[in-house]
Amino acid sequence: MPLSRNIASIIALLPMIIISLTVFVGCIIYSFIYSLTNSKLIPVTNFVGFDQYERLFKQRKWDVAVENIFIYGFVFTIGCLIIGFLLAVLIDQKIRGESLFRTIFLYPYAMSFVVTGLVWKWVLNPTFGLENSMHMWGFSWFELDWLVNRDLAIYAVCIAAVWQGAGFVMVLMLAGLRGIDEDIWKSLSIEGVAKWKSYLFVILPMLRPMVVTAIVLIAAGVVKVYDLILALTSGGPGYATTTPAMYVMENFFSRANLGQAFAASIIMFISVVCILAPWAFYEFYLRNKYAAN
Amino acid sequence: MSSIPSGPRPKYLTVGRIGMYCFILVCALFFLMPLYVMVITSLKDMDEIRAANILNLPKELSFYSWPKAWSQACTGFVCEGLKPGFFNSIKITVPSVIVSVGLSAINGYALAFWRFKGAYFFFGLCMFGAFIPYQVMVYPLLKIEDALGIYSTLPGIILVHTIFGMPILTLIFRNFYVSLPIDLFKAARIDGGNFIKIFLYVIIPMSAPITIVAVILQVTGIWNDFLLGLVFAGRDNQPMTVQLNNIVQVDYGVAEYNVDMSATILTSLVPLFVYFISGRWFVRGIAAGAIKG
């Protein structure tokens with residue numbers, strides 16, 4: 001009886017089941033298996049153990065890529081959280097033109113990473129961009145050569161990314177702030193707690209689920225960053241702004257070094273799992289446990 | 001959730017409030033600046049761009065860069081502008097949105113009302129797929145599509161967008177259907193409705209709000225996609241974002257920044273249009289995707 005009742009449901013979910021198994025699980029297994037081979041232009045089953053991983057960790061370029069993703073991940077996540085939270089708090093102050101400001105802060109989120117990258121590439125253009133503007137206004141000491149500076153180029157990427165993503169965090173935080181009970185505000189004002197203190201020490205901790213969600217979503221996006229950097233710096237100057245995602249794509253499609261690409265992609269995957277596992281454990285296991293009690 | 005503002009409305013501007021407005025205005029300027037630069041650059045001619053401040057308004061309006069970006073700008077040896085890319089993006093986006101939203105609605109419906117043993121295991125697997133970096137799946141998926149004979153074709157890229165849109169869309173449909181009153185479903189069952197009939201006559205008529213959210217999410221997401229289009233669409237179906245990047249990044253010839261910026265604006269018109277038209281729904285889409293994402 002239960003089977004006949006659900007047969008239609010099983011058929012309906014078949015595409016999802018097949019996709020989950022073949023694409024999401026199958027592709028990881030495939031990538032892992034071929035990361036143990038010395039495949040070059042085409043995948044071959046010539047197993048060499050963990051040689052590809054060893055070679056990967058010896059690559060200077062991979063080191064740079066990993067370093068970049070840490071800098072980018074840190075600056076981008078913190079930047080988005082601080083600016084997003086600040087904007088949400090400001091908009092929550094019953095200001096005039098609230099919806100106009102909200103529209104302004106969120107519109108970059110509708111733009112693609114390619115567009116974001118190209119616009120900032122032009123704004124930060126060392127010859128014609130903002131640096132030039134400041135010089136024309138008489139601030140001849142002003143320097144903004146980030147895009148051609150090996151050490152600073154990655155921060156240019158961060159600025160563009162924060163510009164694009166901060167509105168998203170603002171929306172999440174604003175939803176959280178609007179859900180805070182009025183009584184809490186009343187009692188805080190009766191106690192005479194300064195407003196900034198209330199936000200920082202009372203309200204922010206109450207928004208923890210929102211903050212955690214925002215961090216997880218941002219962090220999952222960090223590892224994927226590819227088109228933004230491709231458009232903004234093409235990984236340059238030299239390979240100063242290359243990332244693991246770019247390293248993988250390069251080895252797949254322009255350097256015909258499949259084994260390296262598979263190994264690097266598996267490392268990417270493992271790092272995502274390391275980020276997600278504690279959150280998933282908290283979200284799905286602990287919470288259900290508490291809910292059951 | 002009370003809509004009555006608490007406390008007295010500030011009747012006069014305090015120093016704090018002025019400071020707040022100043023800060024929020026500075027933020028708004030920062031967020032608007034790239035859009036402003038984009039628009040005015042596209043309206044200048046190259047002589048003025050070379051001579052003048054990037055932030056200055058154009059002395060003389062020049063519209064020649066717009067038609068050039070649309071139909072004459074070169075990518076490599078082909079000089080057809082963005083127009084083919086625009087139509088390719090439409091050819092990719094429309095069917096991808098219809099297929100992925102339709103399929104995910106059925107998934108969500110089956111998961112919400114016709115749960116069978118193991119259904120949530122596969123749902124969990126599917127959700128896990130949302131966080132796997134594309135780089136891990138790109139190559140094996142390419143091999144799968146190659147074996148199916150649809151690699152580098154329109155159906156190929158549509159399938160890819162359907163696969164990668166599925167986790168988040170299934171989640172938001174499921175969450176929406178779970179929130180519907182279960183009695184409705186029970187009544188329909190008593191009246192003899194089966195899987196298909198209940199979906200067609202009871203569920204679909206109630207799905208308008210969540211479908212709008214899903215469509216907005218997918219239209220902007222697919223239109224803005226770069227990586228998947230680059231790998232899976234093939235030379236003849238390259239989406240607008242890929243062509244935009246090709247136009248702007250050409251290595252040879254004189255860079256025409258005004259044409260680049262016109263092209264950038266043209267590429268972001270569709271998502272910006274969706275954003276400005278849909279406003280609240282766009283925000284709701286973000287929240288829906290993030291609540292338990």
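What follows is a walk through a predicted two-chain model, from confidence scores down to a couple of individual residues.

On the confidence side, the model comes with an ipTM of 0.87 and a pTM of 0.88. For chain B the mean pLDDT works out at 86, and 92% of its residues reach at least 70.

Chain A's C-alpha trace spans about 75 × 70 × 30 Å along its principal axes. For chain B, the C-alpha atoms fill a box of roughly 75 × 70 × 30 Å.

Burial and contact range can be taken chain by chain. In chain A, 42% of the 293 residues count as buried; in chain B, buried residues make up 45% of 293. Looking at contacts with a sequence separation of 6 or more, residues 24 or more positions apart supply 70% of them in chain A and 75% of them in chain B.

Chain B is split by its domain assignment into domain 1 (15-62) and domain 2 (83-291). Taken over C-alpha atoms, the centres of these two domains of chain B are 34 Å apart. Where the domains meet, 8 residues of domain 1 of chain B are in contact with 7 residues of domain 2 of chain B. On the domain 1 side, the elements giving two or more residues are α1 (15-42) and α2 (46-51) of chain B, and α1(B) gives the most, with 4 residues. By residue class, that side of domain 1 of chain B divides into 4 nonpolar, 2 polar and 2 charged.

Then there's the contact between the chains, which takes 75 residues from chain A and 73 residues from chain B. On the chain A side, helix α1 (residues 2-35) of chain A gives the most, with 20 residues. The chain A side that touches chain B is made up of 55 nonpolar, 15 polar and 5 charged residues.

The largest nonpolar core holds 167 residues, and A:V157 and A:M170 are the ones that touch the most other members. Helix α7 (residues 153-178) of chain A puts in the largest share, at 17 residues. Chain B is represented too, since the core draws at least three residues from each of domain 1 (15-62) and domain 2 (83-291) of that chain. Zooming in on A:V157, and skipping neighbours within four places in sequence, its contacts are A:Y72, A:L228, A:I229, A:L232, A:T233 and A:T241.

Two other residues are worth a quick look. A:R150 is in the loop between α6 (130-136) and α7 of chain A. A:R150 counts as partly exposed because it has 13 C-beta neighbours inside 10 Å, and the exposed class stops at 12 or fewer. Leaving aside neighbours within four places in sequence, A:R150 is in contact with A:P237, A:G238 and A:A240. A:P244 is 94 residues from A:R150 along the chain, and their C-alpha atoms are separated by 17 Å.

In chain B, B:A188 is found in helix α8 (residues 182-190). B:A188 has 18 C-beta neighbours inside 10 Å, so it counts as partly exposed; being buried takes 20 or more. Not counting residues up to four places away in sequence, B:A188 touches B:G193, B:I198 and B:V202. Between the C-alpha atoms of B:A188 and B:Y201, which are 13 residues apart along the chain, the separation is 9.5 Å.

How values were computed
Residues are numbered from 1 along each chain as its sequence is written. Chains are lettered from A and ligands numbered from 1 in the order in which they are written. This is a predicted model: local features need pLDDT of at least 70, side-chain atom pairs count only at pLDDT 80 or more; totals for chains, interfaces and linings use all residues. Domain bounds come from an automatic or database domain assignment. Two residues are in contact if their C-beta atoms, placed from the backbone, lie within 7 Å. Ala, Val, Leu, Ile, Met, Phe, Trp, Tyr, Cys and Pro count as nonpolar, Asp, Glu, Lys and Arg as charged, and the others, Gly among them, as polar. pLDDT is the predictor's confidence in each residue, from 0 to 100. A nonpolar core is a set of buried Ala, Val, Leu, Ile, Met, Phe, Trp, Tyr and Cys residues joined through C-beta atoms within 7 Å.
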